[in-house]
Amino acid sequence: MTAVQQQGGAPPAPVPAPQGGPPAPPGGVRPGLADVRARAAAMPPRKGVRRAIPRTNSGRIRAFVAGVVVVLVALLLLAWNGVDDARTGVRVIDTAGPQVIATGDLYFRLTDMDAQLAHALLVGTQPAHQADRAQALARYDASRSKADEALIQAARLARDGTERQTARSLLDSLGRYEQLAGKALLQDQNSPHAAGPPSDQVTKMYRSATDMMKLELLPQAYNLTLDNGTIVRHTYEDKRSAVLTGRTVVVVTGLVLLVLLAGFQWSMAKRFRRLLNLPLALTTVAVVVVVAWTAAMLGSQASALSKAKTDGFDSILALARARAIGNSAQADQTRFLLDPERKDTYEQVFLSKSQTVLYLPADNLTGYQDAVRGLKGLKTQRDDKPILGFLGTEGRRPSSDAKALDDVLAGFKKFQQNDRQMRDLVSSGDRGQAITLQTGQAATDYAAYDQSLVKLAAVHQATFDGAMKDGKGGTKGWQYGLPLAGLAVVLLLVVGVRPRLAEYR
Amino acid sequence: MRSHRAGRPTRWLRATALGVAAAAALTACGIAGASESSVASKERLVIGVNADQPGLGLKTGGGYRGFDVEIAKQIARFMKVTDVEFKTITSATREKVLRDGEVDLVVGSYSITPERKTEVAFAGPYYVTHQSILVRAADAARVKTVHDLAGRRVCMVPRSVSFPRVQKERGVPALPVEASGYNDCLTKLVSKQLDAVSTDDLILAGLFAKNATDGGPALTLVKTSFSDEPYGVGIKQGDVDGCEAVNKAITRMYQQGIPAKLLQAQFGSSGLEFTKTVPQFEGCE
């Protein structure tokens, strides 16, 4: 009746594989099996890969089941690997990101120390300016203590000998700077003067201090925070691409598994004459769900990482730098008034720092300030002529808040306008008025501009925090979900094949 | 019956082996590494340098010499590259050769500017120079600051930003005398066709040393420092890893005090003061 019975007694024929139909109803006797065995034994030994292909129905089923289980395990492991990459990425960026931003604060605090020192020396020691001087000195102290804190943080993030040496060298230079600053202040106290340039001796001392700040402290502080920033960039690039690769691999493995399951289904349908094995069909559905769900989760993890890095971290860091460099430019105005002999240098570096913050091509400071005044907005930039500098880049970010950005630009314009007025007063010989402006209204306006930068950065901080929250929430519970999903698939598979296998027992 | 029972595990085993082989083949397809073209992973570097800048990059019979060339060698050394080839670049070609990949790095008195940063990336700077003034020793007493150049004949090299800095940025009414390059400026200064050369102090110090070697008349380098010119290492845009590796090399070089020695050796005779500590980097992103 069956093909097996017909072929049972036939001589070894070049039949590639047995044509197995359902054997006699299960019971103690299994006539088909003995026949198959005998025939298999009689067949000439197959060579190469073909030897691995099972020749019996039960063998085939086992092979399919084993194949499905192995690919399933591979799928789950790959998915787990992707989840792990995503989690590591989120964790590292979530902890290192804020730390890096904190070290970025080091540069700001250092420039502020030097700015406050210059301010204190400029306003002098007379009773009329006592309060102003005391305030500058209090800010100097506050910045020094914040700088120490940030430096310790930066030293902790140092990853190799070179970076640690930079951190050590910074600590050393900071100590020497403080010594010089202390001496200059003491000497200034002992040689009272009206608001304006202090005694030659004090000016000389201040020069040593500010040169040390400019040539030793600030460059190393900046470079160290750049080094720190690479941790975030490397983690981001590695993990994001790992997550995306993981997604592709999961999808491909999932497809292989589906093909295998379809083949299984087809082979069962053909050999056992059943159109649909329901549990096997459910297995297939379960696999589709697991793969689609995992792929979607990994995709959203990658985009959370990308959002945190480009819309959050990068902007926050760039704005922190814009803030630090702007603060240092403002100190160059004070130095310009404090040390007339170096006025050309201080004016040029003021221009160069202003251009670092917001670049507009110009021949000189006056031309630059005219260009700044004429600037309509930062959001509307021509593609072929982008505005460069920190604020220009910020303006091109789609995620940047338009209102906050307008406030920043308005503040920057005011900053440059006050600068023009201050320099005009000096040129016309009215240094006293210039100093009053610089330490009074201009300082207030600058503080407002600085606050607008802080507000703009807060928008990006919120983006960063939101993306990190999504990132952390996205993989929650997956350490349980994946094994459970795997178990469910295996159970469905067993339910599907057990009755078929039992037929051969 | 017995043989059948014994056979079951081996059959499952064989089936499993088949599956594992399939899975392994699958995974192998997934892990295909992208090839890296970053300067950071190269074993051989082609570095573009100037060939006509005394003290900085000068091509002589035996090869290239100067501060930039020595810095380039040190960068390669700290990046653990022993195979280095130098190529001549000019200010007109340096962006193109970097973009086309003809050179890996450019170390050639290449000031970092926002406009240039849109075309190439910069590691470093490895040194920050300041604009100063070179005059005949006889005029030294009368030229103390950039403002003293008013009414004097000052060398102007087309495309160089130095003369515009005096005339437009500082607003000093100096009289331009055109020259083909800074070597030509020196010739004209010596032959009294002009009174002063104003540009980056390292270029001036190189001219000063060349003049001394050539036995020219006494010159004086007036340190005015009215600008910061950061000399960067040009690198192909987007090679962030390469840029970071160069920065690390520059940091190490300074931590070992190497640039100070190189500067002293090349320019010590001019009496110029040098910065011995690492400059503030631009950042690689």
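In this predicted model, helix α3(A) and helix α14 (residues 478-502) of chain A pack at an angle of about 175°, with axes 10 Å apart. An angle over 145° counts as roughly antiparallel, and α3(A) and α14(A) are therefore roughly antiparallel to each other. Let's begin with that pair, then look at another helix pair, at each chain, and at where the two chains meet.

**Helix α3(A) and its partner α14(A)**

- On the α3(A) side, the contact is made by A:Ser58, A:Ile61, A:Val65, A:Val68, A:Val69, A:Leu72, A:Leu76, A:Ala79, A:Trp80 and A:Val83.
- On the α14(A) side, the contributors are A:Trp478, A:Leu482, A:Gly486, A:Val489, A:Val490, A:Leu493, A:Val497, A:Arg500 and A:Leu501.
- Sorted by class, this contact of α3(A) with α14(A) has 16 nonpolar, two polar and one charged residues.
- Helix α3 of chain A covers residues 57-123, and A:Arg91 lies in it.
- Why does A:Arg91 count as partly exposed? A:Arg91 has 15 C-beta neighbours inside 10 Å, and partly exposed is the class between 12 or fewer (exposed) and 20 or more (buried).
- From A:Arg91 to A:Ala462 there are 371 residues in sequence, while their C-alpha atoms are 17 Å apart in space.

- Helix α7 (residues 278-338) of chain A packs with helix α10 (residues 389-396) of chain A at about 150°, and the two axes are 9 Å apart.
- That angle makes α7(A) roughly antiparallel to α10(A).
- The crossing of α7(A) and α10(A) is left-handed.
- From α7(A), the contact draws on A:Ser315, A:Ala318, A:Leu319, A:Arg321 and A:Ala322; from α10(A), it draws on A:Phe390, A:Leu391, A:Thr393 and A:Glu394.
- The residues of this contact of α7(A) with α10(A) fall into five nonpolar, two polar and two charged.

**Chain A as a whole**

- How many helices and strands does chain A have? Chain A has 14 helices and zero strands.
- Chain A has 505 residues, and 46% of them are buried.
- Among contacts in chain A with a separation of 6 or more, 80% involve residues 24 or more positions apart.

**Chain B and its domains**

- Chain B has eight helices and twelve strands.
- Of its 285 residues, 47% count as buried in chain B.
- In chain B, 74% of the contacts between residues at least 6 apart in sequence join residues at least 24 apart.
- The domain assignment of chain B gives domain 1 (39-127 + 230-270) and domain 2 (130-222).
- The C-alpha centres of domain 1 and domain 2 of chain B lie 26 Å apart.
- Eleven residues of domain 1 of chain B are in contact with 14 residues of domain 2 of chain B.
- On the domain 1 side of that contact in chain B, the residues divide into four nonpolar, six polar and one charged.

**Where chain B meets chain A**

- In this meeting of chains, 38 residues of chain B are in contact with 37 residues of chain A.
- Helices α1 (2-30), α4 (162-169) and α7 (240-255) of chain B each supply at least two residues of the side that touches chain A.
- Which helix gives the largest share of the side of chain B that touches chain A? The largest share, 13 residues, comes from α1(B).
- The side of chain B that touches chain A divides into 14 nonpolar, 14 polar and ten charged residues.

Terms used: Residues numbered from 1 in each chain as written. Chains lettered and ligands numbered in written order. Predicted model: local features only at pLDDT ≥ 70, side-chain atom pairs only at ≥ 80, totals over all residues. Axes fitted to C-alpha atoms, helices over the stretch in contact; angles between N-to-C directions. Helix = DSSP H or I, 4+ residues; strand = E, 2+ residues; numbered from the N terminus. Parallel < 35°, antiparallel > 145°, perpendicular 65-115°, else oblique. Left-handed = near helix turned anticlockwise from the far one by under 90°. Contact = placed C-beta atoms within 7 Å. Nonpolar A, V, L, I, M, F, W, Y, C, P; charged D, E, K, R; others polar. Domains from an automatic or database assignment.
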